[in-house]
Amino acid sequence: MKSQLIIILTAIIFMSSFAMLHVGKLEIFAQKENESKSTADSSSKIFKDVQGSVVQITREIKEAPTGAPGDKNVTSLGSGFVFDKEGRIITNHHVVDDSKNVDVTFIDGNRYVASVLGSDPFNDIAVIKIKQNISGLRPLPLGNSSAVEVGDQVIAIGNPYGLAGSMSLGIVSQKGRLISNEGSQFSIPSVIQTDALITPGNSGGPLLNMNEEVIGMNTAGVLSDSGAFSGIGLAVPSNTISKIVPTLISKGNYTHPWLGISATTLTSKLTENFKNLSRDFKGVYVDSITKDGPSDNAGLRGSTTDQYGDKHGNDIITAVDNQNVTYMEDLVSYIDENKRPGDKLDLTVFRNHSYSDINVVLGDRNNSTKSEEAKHPNG
């Protein structure tokens with residue numbers, strides 16, 4: 001009798017535990033379902049709120065003449081978003097390129113002509129202004145891109161392949177990226193990486209946080225070998241836009257500081273270009289110097305190649321204005337965010353197994369057209 005009672009009690013305990021576990025799983029499932037529904041509801045609301053502030057931008061490209069009777073103009077398209085109630089719109093430089101006027105189409109189908117007020121090819125930013133007077137424009141507020149964290153939810157809105165008013169969801173995959181800028185020898189610093197879908201036509205559209213603030217402008221999507229989206233989208237940060245756009249409006253262009261070197265992050269492989277240098281040494285490897293540029297005038301030294309074709313390193317930048325630098329991104333971002341042409345820059349350089357300080361007076365990128373920096377340039 002006693003053993004039967006134990007068996008019954010064990011069965012009751014087992015069934016209770018199973019029931020509690022099952023209820024727990026249902027609660028977790030319900031919680032996740034509610035979270036997903038909440039995210040979907042928020043995303044839907046954000047899209048409805050901002051869709052009227054995102055535009056499609058088109059311009060005609062004259063194809064190179066081939067002599068064939070079928071030669072014609074091709075339409076290039078991109079995206080943009082309303083900056084203010086005066087009709088100014090922010091987009092990418094490569095969307096407008098060297099055009100003086102472009103067409104702007106809102107999601108309701110209304111189309112206007114806009115003139116290009118200013119453009120910064122180095123950071124791929126342009127400002128255009130609608131020529132007609134329009135009432136009821138709703139500018140999108142610029143958020144603080146420095147406050148963005150990896151994992152934050154984001155929304156990209158634009159016109160991929162001409163499909164007007166398309167939205168994609170994602171997260172911030174990383175920030176502080178340094179990406180090459182097509183058509184320029186310089187790189188764009190502090191770029192935000194996202195897995196939100198960014199394809200041709202999305203360029204110039206806003207990357208928004210869940211508070212309906214623009215934290216970046218979509219500028220490029222990395223494609224896989226098959227030509228599909230690889231899951232890597234790139235956006236110019238909003239803080240860069242906030243700094244540059246007012247100057248573009250008032251002056252039409254923006255001057256960037258110029259160091260005049262070709263450099264890259266030091267790797268274990270590159271340490272082999274130096275005698276008795278630890279493979280875990282950190283800094284920025286100076287590869288080449290622009291003749292008569294700011295760094296050349298200050299006495300910075302690039303690598304040399306001997307008669308056998310072997311490369312030998314000279315200078316490694318380890319700090320800038322007493323702040324340590326490990327990656328090329330650190331150096332470029334610091335200069336772009338904190339310096340202007342004509343400012344002094346204090347570089348700590350490791351050369352011949354000793355440290356020294358070199359003071360550089362920064363130049364202007366616009367005067368660097370003879371530069372041969374192409375592979376790993378800095379600003």
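In which loop does Asn 352 lie? Asn 352 belongs to the loop between strand S20 (344-351) and strand S21 (354-361).

## Basis of the model

The model is predicted: local features need pLDDT of at least 70, side-chain atom pairs count only at pLDDT 80 or more, and totals for chains, interfaces and linings use all residues. Residues are numbered from 1 along each chain as its sequence is written, and side-chain values use heavy atoms, with hydrogens and water left out.

Helices (H or I, at least four residues) and strands (E, at least two) are DSSP runs, numbered from the N terminus.

## Asparagines with positive phi

Asn 352 has a phi near 55 degrees, a positive value in a residue other than glycine. With a relative accessible area of 61%, Asn 352 is exposed; the term means over 50%, whereas buried means under 20% and partly exposed lies in between (1.4 Å probe, protein chains only).

Asn 322 is found in the loop between strand S18 (316-320) and strand S19 (323-324). The phi of Asn 322 is also positive, near 70 degrees, and the residue is exposed at 65% relative accessible area.

## The second largest pocket

The second largest pocket holds about 320 Å³ of space. On a 1 Å grid over the protein atoms alone, a pocket is an open set of points with protein on both sides within 12 Å along at least five of seven lines, where a cavity is a set in which a 1.4 Å probe fits but cannot get out; lining residues have an atom within 4 Å of a point. Grid points are joined across faces, edges and corners, and the volume is the space filled by probe spheres set on the points.

This pocket is lined by 14 residues, of which Ser 145, Ser 146, Ser 190, Pro 237 and Glu 337 are the closest to its centre. Strand S8 (166-180), strand S9 (187-194), helix H3 (238-251) and helix H5 (328-338) each give two or more residues to the lining. The largest share, four residues, comes from H5. By class, the lining has two nonpolar, seven polar and five charged residues; Ala, Val, Leu, Ile, Met, Phe, Trp, Tyr, Cys and Pro count as nonpolar, Asp, Glu, Lys and Arg as charged, and the others, Gly among them, as polar.

## Helix H3

H3 has 14 residues and spans 20 Å from its first C-alpha to its last, close to the 20 Å expected at 1.5 Å a residue. The expected span is 1.5 Å times one less than the number of residues. A kink of about 30 degrees lies at Ile 244, shortly before the proline Pro 246; the bend is the angle between axes fitted to the seven residues ending there and the seven starting there.

The buried residues of H3 include Ser 238, Thr 240, Ile 241, Ile 244 and Leu 248. Gly 252 follows H3 and has a positive phi, near 90 degrees.

Arg 365 is found in the segment after strand S22 (363-364) and is buried, with a relative accessible area of 3%. Its side chain reaches the backbone oxygen of Pro 257 at 3.5 Å.

Val 55, in strand S1 (residues 54-62), is buried at 0% relative accessibility. The C-alpha atoms of Val 55 and Asn 159, 104 residues apart along the chain, are 8.1 Å apart.

Conventions. A polar contact is a pair of N or O atoms within 3.5 Å; within protein, one must be able to donate a hydrogen and the other to accept it, and residues adjacent in sequence count only if both atoms are side-chain atoms.
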